[in-house]
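I put down what I looked up, in the order in which I looked.

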Amino acid sequence: MDIQPIIPDDYRAIAFFTGAGMSAESGVPTYRGRAGIWAKYNWEEVACEEAYRRDPEKVLEFHALRRQELADCRPHRGHAVTASLEDRHAHVSVVTQNIDGLHQRAGSRRVIELHGSLWRLRCPQEGTIYHLGPGDESPVRCRCGVWLRPDIVWFGDCLDPEVINRATEVIGGCDLLIAIGTSAVVWPAAGFPQLARDQGAHCIEINLEATEMSFLYHASHRGPAGEVLPALFPTAIMA
Ligand code: OAD
């Protein structure tokens with residue numbers, strides 16, 4: 001792959017901004033496109049507050065199935081590169097729209113999950129959080145008797161202001177932004193590449209294809225994350 005490697009120490013703060021394409025090579029389907037989740041499921045029936053109020057069991061089943069699918073997925077070389085850079089550089093963060101937890105499984109510690117996590121359920125009444133792991137039984141009701149809710153930002157939900165603040169700080173404060181595998185159409189995340197660019201960061205896109213935001217980047221690499229990231233950071237210690 002003909003890619004000019006990046007020298008991490010040339011940058012003060014590196015931010016990875018990831019979407020579903022980051023997880024695609026791990027076997028997690030993306031959302032949009034022909035093989036995407038929203039081609040198979042109607043989000044209005046499984047991924048919004050209204051659907052949950054109408055039929056919580058169906059919504060919980062959809063998310064339990066997604067957790068089951070994830071149990072067979074493993075982080076790939078791209079995840080390993082981002083995680084190992086965090087060990088070698090003082091300011092490396094991941095801001096992700098993904099809810100699959102693959103960055104953390106690869107060893108990344110500074111991860112901001114904009115859309116929550118499939119691995120958490122919360123009680124809408126008490127606020128109690130239930131943490132799950134691969135292979136765990138999925139409870140459907142809180143011990144108080146109320147239906148649990150996936151701790152996920154669905155269509156129509158507001159993002160946690162505290163999470164947005166932390167992400168804005170990371171993206172607005174970086175001098176190298178690498179956006180990976182996102183169609184960047186869902187707000188407010190879609191505004192992050194522009195924010196980084198406005199703050200003077202060098203901005204790089206990794207995606208199989210051009211996106212509506214491609215014009216913003218100083219460089220765009222058309223290829224899979226699992227190949228482009230190791231080529232960009234050949235010195236990163238591979239897991
Ligand atoms: P999308 O499914 O919209 O976009 C995935 C992007 O990844 C596309 O631009 C693909 O071209 C690219 N891609 C696919 N495979 C890739 C690979 N191996 N390497 C690099 N790029 C690849 O996913 P997101 O942008 O993450 O929100 O979607 C954003 C949000 O919309 C999601 O968090 C979810 C969704 O609906 C909610 O559920 C609220």
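I began with the lining of the largest cavity, whose residues divide into 5 nonpolar, 2 polar and 2 charged; here Ala, Val, Leu, Ile, Met, Phe, Trp, Tyr, Cys and Pro count as nonpolar, Asp, Glu, Lys and Arg as charged, and the others, Gly among them, as polar. I note that this is a predicted model, in which local features need pLDDT of at least 70 and side-chain atom pairs count only at pLDDT 80 or more, while totals for chains, interfaces and linings use all residues. Residues are numbered from 1 along each chain as its sequence is written, and side-chain values use heavy atoms, with hydrogens and water left out.

For the terms, I wrote down that the search runs on a 1 Å grid over the protein atoms alone, where a cavity is a set of points at which a 1.4 Å probe fits but cannot get out, and a pocket is an open set with protein on both sides within 12 Å along at least five of seven lines; lining residues have an atom within 4 Å of a point. Searching the whole structure, I find 1 cavity of 30 Å³ or more, and the volume of the largest cavity is about 60 Å³, a volume being the space filled by probe spheres set on grid points that are joined across faces, edges and corners. The residues that line the largest cavity are Ala20, Ser23, Val28, Pro29, Tyr31, Arg66, Asn98, Ile99 and Asp100.

Entry on the largest pocket. I looked up its volume, about 990 Å³, and then its lining of 46 residues, of which Ala20, Thr30, Tyr31, Arg32 and Ser183 lie nearest the centre. By class, this lining of the largest pocket holds 24 nonpolar, 16 polar and 6 charged residues. At least two lining residues come from each of α1, α5 (56–71) and β8 (202–207), where helices (H or I, at least four residues) and strands (E, at least two) are DSSP runs numbered from the N terminus.

Entry on the ligand. Which pocket does the ligand take up? The space taken by the ligand is the largest pocket, and a molecule sits in a pocket if more than half of its atoms lie within 2 Å of its grid points. I find 24 residues around the ligand, the closest being Ala20, Arg32, Thr182, Ser183 and Asn207, with a residue counted when one of its heavy atoms lies within 4 Å. Helix α1 (residues 20–24) gives the largest share of this shell, 3 residues.

I then checked polar side-chain atoms against oxygen atoms of the ligand, and found one of Arg32 at 2.7 Å, one of Trp38 at 2.9 Å and one of Thr182 at 2.7 Å. Taken alone the ligand exposes 800 Å², and the protein buries 93% of that, by the Shrake-Rupley method with a 1.4 Å probe.

Entry on the second largest pocket. Its volume is about 340 Å³, and of the 19 residues that line this pocket the closest to its centre are Gly116, Asp151, Val153, Asp160 and Val163. The lining of the second largest pocket has 8 nonpolar, 2 polar and 9 charged residues.

Entry on the backbone. In the loop between β7 (176–180) and α9 (192–198) I located Pro188, and the peptide bond from Trp187 to Pro188 is cis, with omega near 5°. Ala184 also lies in the loop between β7 and α9, and has a positive phi of about 50° although it is not a glycine.

Notes
A polar contact is a pair of N or O atoms within 3.5 Å; within protein, one must be able to donate a hydrogen and the other to accept it, and residues adjacent in sequence count only if both atoms are side-chain atoms.
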